[in-house]
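Student: Could we go through this model together? I would like to begin with the sheet and then turn to the helices.

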Amino acid sequence: MDPSELNGSEAELNGNGAELNGNGAELNGNGAAEGNGGSEEALPPPPPIPPNVTPIKAEPEVKKITRVPMARRGLGTKGNKVPILTNHFKVNVNSVDGYFFHYSVALAYEDGRPVDGKGIGRKVLDRVHETYDSELAGKEFAYDGEKSLFTVGPLPRNKLEFTVVLEDVTSSRNNGNASPGSENPNDSDRKRLRRPYQSKTFQVEISFAAKIPMQAIANALRGQESENSQEALRVLDIILRQHAAKQGCLLVRQSFFHNDPKNFSDVGGGVLGCRGFHSSFRTTQSGLSLNIDVSTTMIIQPGDVANFLVANQNCRDPFSVDWAKAKRTLKNLRITVSPTNQEFKITGLSEKSCREQTFTLKQKSKDGDGEFQTTEVTVYDYFVNQRNIDLRFSADLPCINVGKPKRPTYFPVELCSLVSLQRYTKALSTLQRASLVEKSRQKPQERMSVLSNALKINKYDSEPMLRACGVSINNNFTQVEGRVLPAPKLKVGNGEDLFTRNGRWNFNNKRFVNACKVERWAVVNFSARCDVRGLIRDLIKVGESKGIIVEDPFDVFEENQQFRRAPPMVRVEKMFEEVQSKLPGPPKFLLCLLPERKNCALYGPWKRKNLSEFGVVTQCLAPQRVNDQYLTNLLLKINAKLGGLNSVLASELSPTIPMVSKLPTLILGMDVSHGSPGQSDIPSIAAVVSSRQWPSVSRYRACVRTQSPKMEMIDSLFKRVSDSEDDGIMREALLDFYVSSGKRKPDQIIIFRDGVSESQFNQVLNIELSQIIEACKFLDEKWNPKFVVIIAQKNHHTKFFQPNSPDNVQPGTVIDNKVCHPRNNDFYLCAHAGMIGTTRPTHYHVLLDEMGFSTDDLQELVHSLSYIPAQHHCYIDCCSNLLRALGSDSVGAVDEVRRHIGDFVKP
C-alpha cells in the first residue's frame, strides 16, 4: 500500500481478536457459532443430495508462502580499505516520545463543490494558518498540498471547520487589464474582468485520521520497519517539501527547483534543463540521514510566447509557426499579460487572426432603456485604439485564449509571457537528451560544493516543524569505509592474460577468444566523407590481427545525392531499396557510415529497419578519425553481434567461481522498459537474458516480449497455454541452458533484476519468482533449484567522493556500512571508472539467497560479472552488462529494441 493512501484506520477486531461472522457471532474452535447468551444449538442436517448429482470434492486451499527480503548476514572484509565521503547528512532526533497527528483535509467552494484544481490547496491552508492561528492553538503543521496535514501533538478538536476568503490569484499582482497609466480599471475593463477579478470563498474541513508514534522512527533504525515508520518518515519528507514550497520552488516528487536563471540551461526546442535538489530521509545503519543530491527536471522556456514557439518548432519567425501544433503545445500553460502582469492559464487559440477576431464590448453609455450599449470590436482595434498599446506583429497571428468555451478572453500573442518553472513532460529528442547530459555533468568536487551550499541556503534549522519534532541536520558529509576489490583476471585468445587498468583494458596485440567470420556483408554510406575503400582495407587488416576473418564486402552503396536533404525515414527507405535491388540475397551484416559523429537523425530509423523488419546485424560508425584503436573497438562490437566472444573471466576457464562453478548455475538478467511520459498507450517491453554453456558466464541469449503499458512486473515468465504447453520466457531460457550445457538442468538460478523500486521488492519475490518456480515445476515437478534474487538500482541519489581529491572513487569500490539499510542485505558498488561527471554507484539489494553465499563471495561475483561486457573495453554495472552481453544483434541491441519497438517482439 502506498503510504500516501494510509488513513490510520485498521481492521476492526472483536475483543478476542477474531473476525466477526455475518451475524456478529464469534466462531468457536469447532466452527459453531456462540451467541451472546452462550448457548449452543445443534445445526440442522444438510439437505439430501439429489440422485442425479455427483458431489465435487472441495480442494484444500493451498496457503501461499509470502516471501520477504532477507536480513544482512554480515559485512564484507576483502579489498583495500579506503575512506569515502557520501552525500548523506546525519539527522539527530532529540525526542521520539511524541506523536505525529495525521488529519485529512477537505476543501470546497462556497457552494459546496469540491476543489479539484492543483496548487490552490497550499494558498488556502496558508490563509487558514494566518487567520485562525488561535483556533489551531498556535500549532505549526505540514501540509502535503493535497489531502493530508500533519502536526506534532493534537489540534484542539478532532474536527475543525473554517471559512477563508482568498483573493483571485491574479488580483494581488496589478489592476487586471487596466489601461496603462490609470489608477483603476475603467468601466469596460471592469466588465471584462468581473469574473477573474472576484475573490473566492473556501470551506476547509480538517478531520483527525490517525496518530503516528515518533518511536516508529527509532524502531525503523533497528530494522523493525512498519507502516507507522514509513508514515513517520513521510511526514519528515513533507516538512521539507513544504519548506521548499514556501520559497516558491517547483516541487517534483522529492525534488525541488528554485526560480533562478543561473540554474537553467538551454537544451534546444524552447526547453530548459532546470537544476535543483533531491532530498529524502533514509534509515541507515548509522541512524537517520538526509540524502541530498543534485537533480534536474525539464521546464518550458519562460518569457515571450512567440519566441518560445519559434524555438520549439525551429522556424524563422512567428509567421512560420504551425499554429495547430502550437495550440496543443500551449494548452494549460500559464502566462502573464503585459502591461498588467496578470496571470492566466491558456485554454486555446482564436480561430481568426487578431485583426479579424471580434468580441462584444460593453460601452460606458446607456441606451434609452437604461441598458449598457454594446458593440462588436476586433481584438486588435481594442488594444491599439482603446488601450493605446502598440502591437508590432500580432495583427495577422491568432490570439491567445484564456477564457472558457462559452466566454472566451483573448490577448494578442506579443503581450503574453510564459511563467517560469512550468514543467516540460514530453519525451526529449536525441539532440535534446545529448545537450542535457552535456550541460548537467558535474565533477565530484563541483557536486560536493553545490550540495554544501544547498544545505546552507535552505536553512533547515529555521524550519519550525523540524524544531517542533526535535530534528536537526548535520552539515557535514558522512564518512564511510569503502573497500576496493581487486580487478578479476581476464583471458583472451591463445590463453593470454588481459590486464586491466583503472577499470579499462586494451586489445592492442590481442586476439579474441572466439573470433567470428564476417561474410556476406556490404557497406552503406550515407554521404559520409571518407575513403571507404581504405576503411575496408584497414578493417580487414585489423580484423586479421584479432583473429577475425573479414571477407571482401559484396558492394559499397553510396547514397543518391538527390536524397541528402530528404527526411531520415525516406533516406533509409531509399537506401534499403538500393541494397535489395543489387544484393543476390539477404546480407548477414551491414556496415553503415553516418555523416555526423553524434546524434545522427538516421541512426534510429536505420536500426529499426534492420532489427525489426529484416533481422539484419548492423554496425554504425561516423568515420572522422579512424585509426587501429578505433577499428579494434569497432570489431569488439561486430564480433559480439555476430556471435563471437571477445574475452572471458579467468575464473570461468579454471573453473573457480565460488558456488557458481560447482553446480550448474543459470544467471538471469531482467528488465522492463516503458514508453516516454505521456505515452500511456505504448506497450512496455520486458527483456530477459540468460546464460548458456555452463560453466561459462560470458555467453547469453535473450528473449524480448511486449506487455501492458507501464506494467513493471514481467507477466510472461510463465505462460501456460494448455496442460502440456508453456509459452513463457523461462521455458525458452531453461531449455536453451539444458541443451547448451550438456543436458544438465540448472541446480542454481541467480536472478539480477533491474529497474524496480523498494516498494516493489515483495512483488519481485512473490510474483516474478513464483512464475519462474512454476516454469521449472511445469518442466519437472520434482525439480527444486535454489534461487538467488538480486535487485540492481541505478536510479537513486547516493554518491561517493574521495576526501581531498578531485577524482572519482576507484573502480571496484564497494560500500556496505553506515549508509546501507539497517536490516536488509544491500551494498553499493562503483562498478566502473567515472571518466565524465560523478560516478553513479549501483545499489544492489540481495532479496533472497538460498545458495548460501558469503558476503565477500557474493560481492566478488557481482564485481566479476561487471567485467563481461561483450561489446566494450571497460566494465559497467552487472545487470546492465547482462542485458548487453548477448549473442546476436537482433536481440543483442536491447537499447535499440527499447527505443524502436517493432513487429519482431512477441506479444
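Student: What is the strand order in the open sheet of four strands, and is the pairing parallel or antiparallel?

Tutor: The order is β33-β31-β34-β35, and the pairing is parallel. Strands here are DSSP runs of E with at least two residues, helices are runs of H or I with at least four residues, and both are numbered from the N terminus. Two strands pair if DSSP finds at least two bridges between them.

Student: Which strands are at the edges?

Tutor: β33 (556–558) and β35 (617–621) are the edge strands, each pairing on one side only. From one strand to the next, the twist averages 20°.

Student: How reliable is the basis for this?

Tutor: This is a predicted model, in which local features need pLDDT of at least 70 and side-chain atom pairs count only at pLDDT 80 or more, while totals for chains, interfaces and linings use all residues. Residues are numbered from 1 along each chain as its sequence is written, and side-chain values use heavy atoms, with hydrogens and water left out.

Student: How many bridges join β31 to β34?

Tutor: Five bridges join β31 (residues 521–525) to β34 (residues 589–593), and the two strands run parallel. Val-523 stands opposite Leu-591 in β34.

Student: Which strands does helix α12 touch?

Tutor: Helix α12 (residues 532–546) packs on the sheet and touches β31, β33, β34 and β35. Its direction makes about 145° with that of β31. Angles run from 0 to 180 degrees between N-to-C directions, and axes are lines fitted to C-alpha atoms, for helices over the stretch in contact. Helix α15 (residues 628–641) lies across β34 and β35, at about 160° to β35.

Student: Now to another pair: at what angle do α13 and α14 pack?

Tutor: Helix α13 (residues 568–582) and helix α14 (residues 603–614) pack at about 50°, with their axes 9 Å apart. That makes α13 oblique to α14, since angles under 35 degrees count as roughly parallel, over 145 as roughly antiparallel, 65 to 115 as roughly perpendicular and the rest as oblique.

Student: Which residues of α13 and α14 meet?

Tutor: Pro-568, Met-569, Val-572, Glu-573, Met-575, Phe-576 and Gln-580 in α13 meet Pro-605, Trp-606, Lys-609, Asn-610 and Phe-614 in α14. Contact means heavy atoms within 4.5 Å.

Student: Changing topic, is Lys-489 buried or exposed?

Tutor: Lys-489 counts as exposed, at 66% relative accessibility (buried means under 20% relative accessible area, exposed over 50%, partly exposed in between, with a 1.4 Å probe and protein chains only). Lys-489 lies in the loop between β25 (478–484) and β26 (490–491).

Student: What does Lys-489 contact, leaving aside its neighbours within four places in sequence?

Tutor: Lys-489 is then in contact with Val-648, Leu-649 and Ala-650.
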